[in-house]
Amino acid sequence: MKLPSKLPFGLRLASLKSGLFWRTFFLLGALTTTSMTAWVGMISVVQHEPQVQQISAQVISVVTITHAALTHAAPELRRELLFDLVANEGIRVFTLEEDDQVAPPADNALMPDIEKLVKAKLGADTRFSSKVNGVSGFWVSFKIDDDLYWLMLERERIRGLTGIQWLGWASVVSVVSLLGAAFISSLINLPLRRLTQATRDFAQGKRPAPLPERGPIEIMEANRSFNQMVDDLQQVESDRAVILAGISHDLRTPLARMQLEVEMANLSQEAREGMQSDIGQMDAIIGQFLDYAKPTESSSFVNVDISELLTDTAHEVSRLPDIRINTDIAPGAHVMGNATDIKRVINNLIENARRYGKSADSEHTEIDIKCSVKGMHASKRVTIEVQDHGPGVPEEQIEQLLKPFTRLDAARGQANGAGLGLAIVDRVITRHGAELLVRNREGGGLLIQIVMKAL
């Protein structure tokens with residue numbers, strides 16, 4: 001019995017919160033992020049000094065060469081030289097005026113060290129700017145004789161990786177790392193996921209395909225043990241079916257002989273009826289044992305019209321003189337299952353209600369049978385309810401109802417049988433992958449609800 005259990009959606013949500021895949025994924029992601037952060041910090045520290053040296057050397061070299069070229073060039077060729085510097089090298093030279101609008105140098109971690117090295121080579125009066133007269137670039141001042149000039153380099157020539165670029169590269173590496181973490185987590189959890197699915201299928205009465213016996217030694221041994229367990233249990237089921245068939249024949253044959261002898265014996269009517277009742281009860285108990293032990297194979301599942309099955313069952317039961325049936329059955333309810341086993345479940349529930357659900361002030365047992373379809377698509381469910389109007393069951397004893405060989409005589413009146421009726425119901429419903437809910441009905445009586453996946 002699944003006393004009110006979690007819905008499938010709740011189980012899926014719980015797996016998202018605590019699933020092994022997500023735990024592995026987040027741990028790998030955290031490890032990758034921490035490693036990448038440490039790597040970026042280390043690279044930044046290690047790269048700082050070489051980058052400063054490189055940019056400073058480049059600036060000094062360009063200024064020195066430009067200074068020498070302009071100093072030694074013939075006056076009539078200087079204009080042409082300036083055009084060549086702009087066209088070929090991206091270097092522009094302007095006269096430094098007192099009224100120039102000069103912005104401060106770029107604010108980054110490299111600039112202070114660059115200024116220090118460049119001033120040491122070009123002179124302490126060297127000036128730096130990120131924008132002069134509204135034109136952005138890398139501006140450095142130099143002197144030819146007593147004249148001051150600005151030399152502007154294209155910012156791309158001396159720019160290292162900016163913070164945005166570092167962030168971009170870090171984002172790319174993070175995404176790739178997380179995708180790698182997801183892939184690794186999937187590979188790690190694939191064998192466990194296969195084992196979980198196979199276990200679930202086996203619990204629902206299906207025979208799962210053999211798990212692959214390859215991979216790491218732990219996985220290989222676990223899969224081999226599971227495959228062996230499935231084979232052994234299937235053999236046990238097969239042997240049990242053979243044994244039960246033999247027991248049924250061996251026990252029912254003497255019972256039939258006893259029934260015949262009772263009919264022919266010279267007994268009083270009262271004694272004959274008592275013995276016939278005892279023999280009938282023994283035969284019913286044997287039938288319960290066989291029903292409880294009989295496996296429900298998923299290979300026998302077909303499209304079952306639950307609405308029609310319930311309607312036919314209610315019509316058949318309504319012929320009994322001590323039962324009154326009330327039905328509220330939605331049309332067109334279909335499920336996948338074994339029609340014979342489902343009908344046996346409904347008959348057991350009705351018989352349980354007939355025996356123990358009679359109210360004290362009535363000679364008849366009133367039984368309500370309901371069927372409804374709720375939800376859409378994958379969440380569509382068929383709900384079957386069978387309820388009586390009797391005394392019900394004490395709340396603290398409800399969990400005991402579905403245990404084999406359990407009879408709550410004090411709460412449900414006299415008991416005939418082996419106490420397997422509801423245990424058979426629970427066993428068959430579990431094999432169908434459905435839910436069984438048992439609770440007391442408002443107003444008195446016991447309500448048994450079956451929830452199955454609809455087609």
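Phe94, Trp139 and Trp150 come together as one aromatic cluster. Rings of Phe, Tyr and Trp (its six-membered ring) count as a pair if their centres lie within 6.5 Å, with planes under 30 degrees apart called stacked, over 60 edge-to-face and the rest tilted. A heads-up: this is a predicted model, where local features need pLDDT of at least 70 and side-chain atom pairs count only at pLDDT 80 or more, while totals for chains, interfaces and linings use all residues. Residues are numbered from 1 along each chain as its sequence is written, and side-chain values use heavy atoms, with hydrogens and water left out.

**Aromatic pairs**

- The pairing rule gives a count of 4 aromatic pairs.
- Take Trp139 and Trp150: their ring centres are 6.1 Å apart and their planes sit at 90°, so this pair is edge-to-face.
- Trp139 belongs to strand β3 (residues 135-144) and Trp150 to strand β4 (residues 147-153), so the pair ties together parts that are 11 residues apart in sequence.
- Phe142 and Tyr149 have ring centres 5.7 Å apart and planes at 20°, so that pair is stacked.

**Burial**

- Buried here means under 20% relative accessible area, exposed means over 50%, and partly exposed is in between (1.4 Å probe, protein chains only).
- Trp139 counts as buried at 3% relative accessibility, and Trp150 does too at 1%.
- Phe142 is also buried, with a relative accessible area of 8%.
- Across the chain, 33% of the 455 residues count as buried.

**Helices α9 and α10**

- Helix α9 (residues 306-317) packs against helix α10 (residues 339-356) at an angle of about 45°, and their axes are 11 Å apart.
- Those axes are lines fitted to C-alpha atoms, for helices over the stretch in contact, and the angles run from 0 to 180 degrees between N-to-C directions.
- That makes α9 and α10 oblique to each other (under 35 degrees is roughly parallel, over 145 roughly antiparallel, 65 to 115 roughly perpendicular, and the rest oblique).
- On the α9 side, the contact (heavy atoms within 4.5 Å) uses Ile306, Leu309, Leu310, Thr313, Glu316 and Val317.
- On the α10 side, the contact is made by Ala339, Ile342, Lys343, Ile346, Asn347 and Ile350.

**The whole chain**

- The chain has 12 helices and 11 strands, taken as DSSP runs numbered from the N terminus (helices are H or I, at least four residues; strands are E, at least two).
- Among contacts between residues at least 6 apart in sequence, 66% join residues at least 24 apart.
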